[in-house]
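Please go through the model with the sequence alongside. The paragraphs below take the strands, the helices and the contact between the chains in turn.

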Amino acid sequence: MLLKLLFRNAFRHRLRTLLTIGGIAVAILAFGLLRTVISAWYAGVDASSASRLVTRNAISLIFPLPLSYKEKIRSVDGVRLVSYGNWFGGVYIDEKNFFANFAVEPGSYFSLYSEFLLSDDESAAFFRERKACVAGRKLARRFGWKIGDTIPLRGTIFPGNWNFVLRGIYQGKDKTIDENQFFFHWEYLNETLRKTMPRRADQVGFYMIGLKRPDQAAATAEAVDGLFRNSYAETLTETEKAFQMSFVSMSEAIITVILLVSYVIIVIIMAVVANTMAMSVRERMGEYAVFKTLGFGRGYLAALIIGESLTLTALGGLLGIGLTFPTARAFGRAVGQFFPVFRVSADTILLDVAAAAIVGVVAAVIPVWRIVQVRIAEGLGRIG
Amino acid sequence: MKEQRSNLPSKPPVIRITDLVKSYRRGSQSIPVLEHISLDIEEGEFLALMGPSGSGKSTLLNLIAGLDQVDSGSIRVDGAEITDFSEMALAAWRAGHVGFIFQFYNLIPVLTAFENVELPLMLTNLSKKARKAHVATALSMVNLQDRMDHYPRQLSGGQQQRVAIARAVVTDPTILVADEPTGDLDRYSAEDVLHLMDELCGKLGKTIVMVTHDPRAARKAHTLKYLEKGVLTDAPQIAVPERI
């Protein structure tokens, strides 16, 4: 009877109910999208491995490190593998076509990043040819690249026109892996620099270190930095997660604003649902007084009102969650170059559900309080 | 008005009100509504309370039904001193002992006639099957067994009031309280409802306390009490027509 009553009550004013459900759906959709934007910001951090360290110049990432550090780092206890590379910063045709592109030592790099899946044939073709490159699946799809295509990049950090031949298209091991990156041989970059800018040759932007055991990260990082202390190029070694976080923290103010806006949306919809519930309860004051008259207690009336409010927010929440997926896909396609991994996570859905439940309960608090407080005679409107 | 029953048993009255005082507060002002009311109502009695608007008759009805709290005095219903009850205890007591009939029927519009009558039974331990049997009996008593799936909006005023009467009696309460039960009905529907109440009292021995402005309704009662400015008197102050 309780369920029957709260469902029938919820749909007594269909237009009002549908508008309220629509409002909740839009709010949950907006909340879910904003949370997904925040998740996308942290995608690099989430995808980082606990068994990898990043070593860079202690002054700043823009200052290089000597290639000669490679063997010294490899000799540190706990180090399994060392790779290295440079942020290339090349532009494809136009600057609006931004994507991340790196010059890397391919063998060691792809060994460290086993989450980038490349077929054996494509790997062999890429490793064999010095001007070869590989691109992520989403990146190749974005520009319609096919294996064998020549891809020209205009150098910004390393001036000149650079042409690469696409020999492989990698896929991520799962959906959290960025498939919008571009890699080519560091050796190709270095050879060119030796000819054109010898002063910049034999230097790398970063080292990637593969650990034997993730729990050795702190000790190994300390040992690596200790090797180069008081040298002309001191290093800063940190976990890949901490390295990625240092980029995210640069945008912390924006993330905080997005977070606040997402909460404001929930507060606004809470007020809307509370208003709907207050109107409904005010209209039915006499009916609730009848329930009280018949002997129904406060708990039953509270369950009736909270249940109705939760019915509205559950329906609106479900609709909003249902809309979040296609909207996030469309949004992800539109902003793929800024957010390589843009997917609605299970955590976001849980937050949506929690937000809908909190809105449902909080919106019913004042109407419940009003019903509990009102005298039966007053409710029946018959003091004579 | 019918003659006062001469053959009422000498049992203690089912309702005994002693020195009842009730007032309402408006800001810092206390407005007296009922002043030192004492009244005995016997089991099976049909009592009508009359009086001008604002005389306190509905307040007295509310107090008898346990819907409001007294300032002082005593109300014993079937041996229970209801003025001592907490709000929760009063709610439980009302569920088992009082049937309510309102002027505007006060049916729940989203529930069918069957569901409205079933509502008070939801507070009992009866099984679904037993509830169904009780509801069917109550609805057939008011001759609405063929309308049990109708919603209140699909029923006439008289039919709605009969559903309300079925809801009031379905738990077999000790007393029935009726606040202007014919106040919103046409003459013929009113007569139907009054006839039904008369039968509940005469055939089933229900104790009924009714507030009314309608002299024709008062005529059905065994006892007529008159309230004016919070004071209860026996003497009928109004002319009651013999014919409806």
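How many residues lie between β7(A) and β8(A) in the hairpin that they form? There are four residues between β7(A) and β8(A). Before going further, the conventions: this is a predicted model, in which local features need pLDDT of at least 70 and side-chain atom pairs count only at pLDDT 80 or more, while totals for chains, interfaces and linings use all residues. Residues are numbered from 1 along each chain as its sequence is written, and chains are lettered from A and ligands numbered from 1 in the order in which they are written. Helices (H or I, at least four residues) and strands (E, at least two) are DSSP runs, numbered from the N terminus.

I151(A) has F164(A) in β8(A) as its bridge partner.

Chain B has an open sheet of four strands, with the order β2-β1-β4-β5 and antiparallel pairing. Its edges are β2 (29-41) and β5 (80-81) of chain B; each has a single partner strand, so one side of each is left without a neighbour in the sheet. Strand β1 (residues 15-26) of chain B is connected to β4 (residues 72-77) of chain B by five bridges, and the two run antiparallel. Along this pair, T18(B) is opposite S74(B) in β4(B).

G73(B) also belongs to strand β4 of chain B. Leaving out residues up to four places away in sequence, G73(B) touches T18(B), D19(B), L20(B) and V21(B), where contact means that the C-beta atoms, placed from the backbone, lie within 7 Å. G73(B) and T83(B) are ten residues apart in sequence, and their C-alpha atoms are 8.1 Å apart in space. G73(B) counts as partly exposed, with 17 C-beta neighbours inside 10 Å. The classes follow from that count: a residue is buried if 20 or more other C-beta atoms, placed from the backbone, lie within 10 Å of its own, exposed if 12 or fewer, and partly exposed in between.

Most residues other than glycine have a negative phi. H36(B), in strand β2 of chain B, has a positive phi near 50 degrees and is not a glycine. H36(B) is partly exposed, with 14 other C-beta atoms within 10 Å. D78(B), in the loop between β4 and β5 of chain B, likewise has a positive phi of about 50 degrees without being a glycine. D78(B) is partly exposed, with 16 C-beta neighbours inside 10 Å.

Chain B also has an open sheet of six strands, ordered β6-β7-β8-β3-β9-β10, with mixed pairing. At its edges stand β6 (98-101) and β10 (231-233) of chain B, each with a single partner strand, so one side of each is left without a neighbour in the sheet. From one strand to the next the twist averages 20 degrees. Five bridges link β7 (residues 175-179) of chain B to β8 (residues 207-211) of chain B, and these strands run parallel. L176(B) is opposite I208(B) in β8(B). Helix α5 (residues 157-169) of chain B packs on the sheet and touches β6 and β7 of chain B; the direction of α5 makes about 170 degrees with that of β6(B). Such angles run from 0 to 180 degrees between N-to-C directions, and axes are lines fitted to C-alpha atoms, for helices over the stretch in contact.

In chain A, helices α11 (residues 252-283) and α14 (residues 346-373) pack at an angle of about 35 degrees, with their axes 8 Å apart. Residues of α11(A) in this contact include I266(A), M270(A) and V273(A), and those of α14(A) include V359(A), V362(A) and R370(A). By class, the contact has 16 nonpolar, no polar and one charged residues. Here Ala, Val, Leu, Ile, Met, Phe, Trp, Tyr, Cys and Pro count as nonpolar, Asp, Glu, Lys and Arg as charged, and the others, Gly among them, as polar.

Helix α1(A) has L5(A), L6(A), N9(A) and A10(A) as its buried residues. They cover an arc of only 125 degrees around the axis, which puts them on the same side of α1(A); the arc is that of the directions from the helix axis to the C-beta atoms. On the other side of α1(A), L3(A) and K4(A) are exposed. The buried residues pack against α2 (14-41) and α13 (298-334) of chain A.

Finally, the contact between the chains takes 19 residues from chain A and 22 residues from chain B. On the side of chain A that touches chain B, the elements giving two or more residues are α1 (2-10), α12 (285-294) and α15 (376-380) of chain A. The most come from α12(A), with five residues.

Terms used. Two strands pair if DSSP finds at least two bridges between them. Two residues are in contact if their C-beta atoms, placed from the backbone, lie within 7 Å.
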